[in-house]
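Open the model in your viewer and have the selection tool ready. The tour has two stops.

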Amino acid sequence: MLTEARGANAWLREGSSVPQQQLIRDFGKSRAKAQKDIKERLPLRQRAGMPKYKKKREALPSLNYTRRGFRLKDGKLHLAGGIALTVVWSRDLPVVPSSVRVYQDNVGHWYCSFVVPAEVQPLPETGAVIGIDWGVRETATTTSDAHDLPHAQHGRNAAARLARYQRMMSRRKPAKGKPGSKGYKAAKRQVAKLHKKVARQRQDTGRKWAKKVVRDHDALAVEDFRPKFLAKSTMAKKAADAAIGVTKTALIEMGRKHARTVYLVHPAHTTMDCAHCGARAKHALPLGMRTYTCTRCGVSSPRDKNSAHVMLVRAGLNPAGVEDVRPLGPPAPVAV
């Protein structure tokens, strides 16, 4: 089918067949995986999404090259079709990559993503463990005060500039069916650049914090919190700015890289259980109540700190924990 299409379309024939073949393979694999998940009746959150066709005027270019479609020589990336690219390397490649993806982001910058085997870099043992609870007031509250992650508010700090560029876009918005002016495109690019900057700030903050936590602890009990439901609440904007999902992903990846044990603890009732005696409150605590007071033993502590200690107990990492704390099944360790 591809051979016939290349013979009938000159624009398709001008490009290399390697990324075109790989695109068809990727589409076929994702479609087969989605059909298999449907056949096995997996829950919706565990199914692979059905592949979608890209729209010509909305999709950003992305090309995959297998080993036979590229080579590295004299610091340059040579692609099939006689294309030579000068790459600004972010780091040295440990081994020869098996494939590369060349893609463009919404700002217009081009990137090359190489696939190489993951390299585990074990860190010295410290004998320390830590429990981590996610939140909105503080992005991460831990059992160690020195490792708490405050809300960085990167999005809030950039809100004034973002509103200014969005007003510029609104004033220069073209009529329906008309192409945008240079001023409109310039304002749109400024909005995209600012969004990209905020995203990188959140990612950088999460990675640096994750590196510090992993370096100082051998095992981590992390709340398996999924902040998707917060998008429908009144805390949606602040929760999105906290970037809990990005920070959690960075922590898991850093733990895998440095051979640390990461336990994902089920979040149910973590704010209702007492980390000292294991008693559970009869009613859910409202969000405005920031101090947890146990009705059985009378111990009082900050709500998020108590939840972080509950993570440790449920993961079996707290030797001083009580025996009657209610674990909701064994925690799921992340394989290294």
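Start with Trp134, whose bridge partner in β8 is Ala140. The model is predicted, with local features needing pLDDT of at least 70 and side-chain atom pairs counting only at pLDDT 80 or more, while totals for chains, interfaces and linings use all residues. Residues are numbered from 1 along each chain as its sequence is written, and side-chain values use heavy atoms, with hydrogens and water left out.

**Stop one: the strands**

β7 runs antiparallel to β8, with three bridges between them; strands pair if DSSP finds at least two bridges between them. Three residues form the hairpin link from β7 to β8.

Now select β8, residues 138-142. Four of its five residues are buried (under 20% relative accessible area, 1.4 Å probe, protein chains only).

Move on to β9, residues 149-150, which pairs antiparallel with β8 over two bridges. Click Glu138: its bridge partner in β9 is Pro150. The β8 to β9 hairpin goes through six residues.

**Stop two: the helices**

Select α5 (residues 159-171) and α6 (residues 182-216). Helices are DSSP runs of H or I, at least four residues. They pack at about 155°, axes 8 Å apart; axes are lines fitted to C-alpha atoms over the stretch in contact, and angles run from 0 to 180 degrees between N-to-C directions. So α5 is roughly antiparallel to α6 (over 145 degrees).

Zoom in on the contact (heavy atoms within 4.5 Å). Show Tyr165 and Met169 of α5, among the residues that meet α6 residues including Val191 and Leu194.

Conventions
Buried means under 20% relative accessible area, exposed over 50%, partly exposed in between (1.4 Å probe, protein chains only). Angles under 35 degrees count as roughly parallel, over 145 as roughly antiparallel, 65 to 115 as roughly perpendicular and the rest as oblique.
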